[in-house]
Amino acid sequence: MPKSDEIQKYLPLTESMFYVMLSLVDPLHGYGVMQKVETISRGSVTIGPGTLYGMFTSFEGEGLITMVKEEERRKSYLLTAKGKRVLARQIERLEIMNKCAAEFKNRL
């Protein structure tokens with residue numbers, strides 16, 4: 001995947017940002033995102049509402065996510081094409097890190 005300044009400026013994602021973006025590959029509302037982050041991170045990351053809604057505001061402002069549904073007070077969000085490109089690039093970065101870690105693990 002070519003490196004693009006449009007995408008590169010968002011990288012590296014923090015661990016919390018990464019898990020939130022992973023959670024939004026499918027439409028999900030805030031509380032659902034908090035639960036999913038905890039589940040997919042195997043409990044290593046928990047996100048509070050203030051942090052999450054701050055991320056939603058930033059991500060939406062940057063065009064990384066979009067609101068796709070609003071029922072009562074629950075808003076569901078989804079990654080945009082740009083958000084998917086950022087997430088894909090972060091996954092590539094993590095794959096490189098994982099490969100390097102595996103190569104050096106036996107030397108520790």
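Let me begin with the rule for aromatic pairs: the rings of Phe, Tyr and Trp, for Trp the six-membered one, are paired if their centres lie within 6.5 Å, and planes over 60 degrees apart count as edge-to-face. What we have here is a predicted model, and by this rule the count in it comes to three aromatic pairs.

F18 and Y19 make one of these pairs, an edge-to-face arrangement with 5.4 Å from centre to centre and 65° between the planes. F18 is buried at 13% relative accessibility, and Y19 is buried as well, at 15%.

Y53 and F56 also form an edge-to-face pair, with 5.4 Å between the centres and 85° between the planes. These two residues sit three residues apart in helix α4, residues 49-61, which is about one turn of the helix. F56 counts as buried because its relative accessibility is 2%, which is under the 20% limit, whereas Y53, at 40%, is partly exposed. Together with Y77, Y53 and F56 form one aromatic cluster.

E71 has R74 as its bridge partner in β3, and two residues lie between the strands, with E72 in the turn showing a positive phi of about 55°.

Finally, what does the side chain of Q90 reach? Q90 belongs to helix α5, residues 81-105, and is buried, with a relative accessible area of 5%. Its side chain comes to 3.1 Å from the backbone nitrogen of L13, and, leaving aside residues up to four places away in sequence, Q90 touches L11, P12, L13 and F18.

Conventions
Residues are numbered from 1 along each chain as its sequence is written. This is a predicted model: local features need pLDDT of at least 70, side-chain atom pairs count only at pLDDT 80 or more; totals for chains, interfaces and linings use all residues. Side-chain values use heavy atoms; hydrogens and water are left out. Two strands pair if DSSP finds at least two bridges between them. Helices (H or I, at least four residues) and strands (E, at least two) are DSSP runs, numbered from the N terminus. Buried means under 20% relative accessible area, exposed over 50%, partly exposed in between (1.4 Å probe, protein chains only). A polar contact is a pair of N or O atoms within 3.5 Å; within protein, one must be able to donate a hydrogen and the other to accept it, and residues adjacent in sequence count only if both atoms are side-chain atoms. Contact means heavy atoms within 4.5 Å. Rings of Phe, Tyr and Trp (its six-membered ring) pair if their centres lie within 6.5 Å; planes under 30 degrees apart count as stacked, over 60 as edge-to-face and the rest as tilted.
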